[in-house]
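Open the model in your viewer and keep the selection tool at hand.

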Amino acid sequence: MSLTIKLHITNHLNLKLGTIKKSSYTNYNTKIRHKPIYHSNPLISTVYKPTMHVVGSSSSSCSIKSSLIDPDGGALVDLVVPESERGKKRSEAQAMPKVRLTKVDIEWVHVISEGWASPLRGFMRESEYLQTLHFNCLRMKDGSVANMSLPIVLAIDDETKERIGSSPNVGLVGPDGDLVGILRSIEIYKHHKEERIARTWGTTAPGLPYVEEAITPAGNWLVGGDLEVLNPIKYNDGLDHYRLSPKQLRKEFDRRQADAVFAFQLRNPVHNGHALLMNDTRRGLLEMGYRNPILLLHPLGGFTKADDVPLDVRMEQHSKVLEDGVLDPETTIVAIFPSPMQYAGPTEVQWHAKARVNAGANFYIVGRDPAGMGHPTEKRDLYDPDHGKKVLSMAPGLEKLNILPFKVAAYDTLEKKMAFFDPSRAEDFLFISGTKMRTYARTGENPPEGFMCPGGWTVLVNYYKGLQAEEASQQQAVLTA
C-alpha cells in the first residue's frame, strides 16, 4: 500500500539538531502511574541525513529537514521564573491587583509558559488578538508570519477591571487561591464575544462546548500582557510524568537521534485502525530513506466535552496498546498535549499542527474532520470533513510542516481485522464510529475481533461499568431523597 504524502518544502531544508536545555514540566487529574509507558533507544553513533522523492519535484531527490525543525520565532519561549528568583517575584505578585484564573485559564498558562504557542509570550494584547482573529497568524518583526489560529486570551469582569485600575501589572491567582504568576505591561480591551465566536467557529449556534465552558460565562474585558509563571504548572493527578514540554520532547528526539518525527493527535481511545495508520506511516517513512522515524502519540489533555472519554482512562488505554505490542514502545513517545479542546475544526487544527512544530515534529498526520464535531443543533457535521487537511496544506506559517493525509481505515469483515478501506469491495467493510464504540463499551457488547487490543478494550468496558454504577447510585439517592 502506498503512502500519500503532501510535502511543504522550504528553501532551508537542512536544519541542525539543536542542543536543548532541560526544563521542568507540570499539571492535574486522576490515576497514579509512576513510569512513562514508552522506553528509550540507546544513542545511535551517527546522524543520518536522508533524502526522499517529492511528488511533482523536478529533481529526483532532495534533502529533508530533521525532526528538530526550528520553533516559530526561532527560539522556544520558556516563561517559568528561575528558582532563584521565585521568592522575589512572589513578593512582587502579592502586592499587585489580582486576577483569578479558571481551570481552563490555567491550562492556557501551562501552554504559553512552556512554549507551545511560541513566539507568544503571554496572553494576547489587542493587536495580537485581532491578527489571530482575522488573519490566523502573527506578523513578526522581520516581516515573516507565525501561524496562530486561535485567540489565547484572558477574560476579566467589570469588577476586576475596576480593581486593577491603572496598575501596569497584575498577579494571577489559581482556582485554589495560590499565586500562579504575573502579567506585566498589561493592556485591557473589550471582549467582543459574538465576533470571537463567529470568527473562530463559523457559527454562533448554542451548544458549542468550549463557548459554554469558557466564553459565555467569562467577563466582558480581555487583559493581555507578558507572562511570568512562578512555578511549573502541576496537576498532581498521577499523569504529570506524561506532560513533556516542547523542550523535553526535543531533547528526547535528539537523544534517540530521530531523523523524522510524525505527530498524531487524538482525544479518543486508540483502536487498531489508528495503529494501522501509524505503523503504515512509519513504514512509508522508512521506505523514503529515514532510518529512525519516531511516533509522537500526543493525546489532548486539557478541557474536553462531557461525553469524551476522560484523560486518565485514555492514558491507561494507550498504555495497554503499547503493552499489547500494537504500537512499538521503542519507536513511540506517548505524551500529553496540555491544550484545551475547542472543537473549532479547520481553524483549530492549525493550532494543533503549529504546537507540534514547536515541539519538534516535522510530519503531522491529519484525518477526516480534524478538531470537528457534530452541529450542536442540527443532525450534520459542523464542518466539511475534508476542509481541515486542505486548510493545513495552505495555512500561512506552516509551510515547513509536512502534512500526512489520513488514510481511511475500517473493519474488514472478510479478513476480520482493521484494514485500509477498499472502495472496490465496499460491502465488506464496517465503519465503527466513536459513538458506536462507546455504545459497545456501555452495553458490554464486544466489538468485532481485531477492532481493538483486548487490554485496551477492557479499560473502556471497566470505565463505562463504573460510570453506570455511579449513575445508578446517584439515581437511587435522588429517589430515596
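Start in strand β8 (residues 179–190), where S185 lies. Strands here are DSSP runs of E with at least two residues, and helices are runs of H or I with at least four residues, numbered from the N terminus. This is a predicted model: local features need pLDDT of at least 70, side-chain atom pairs count only at pLDDT 80 or more, and totals for chains, interfaces and linings use all residues. Residues are numbered from 1 along each chain as its sequence is written, and side-chain values use heavy atoms, with hydrogens and water left out.

Stay on S185. Its phi is near 50°, a positive value in a residue other than glycine. The cut-offs: buried is under 20% relative accessible area, exposed is over 50%, and partly exposed is in between (1.4 Å probe, protein chains only).

Next, select A371. Look in the loop between β13 (363–366) and α11 (387–394). A371 is not a glycine, yet its phi is positive, about 60°. A371 is buried, with a relative accessible area of 8%.

Now go to P119, in the loop between α2 (103–114) and α3 (126–135). Show the backbone from S118 to P119: that peptide bond is cis, with omega near 15°.

Last, the cysteines. Select C137, which is buried at 10% relative accessible area. Then pick C453, also buried, at 4% relative accessibility.
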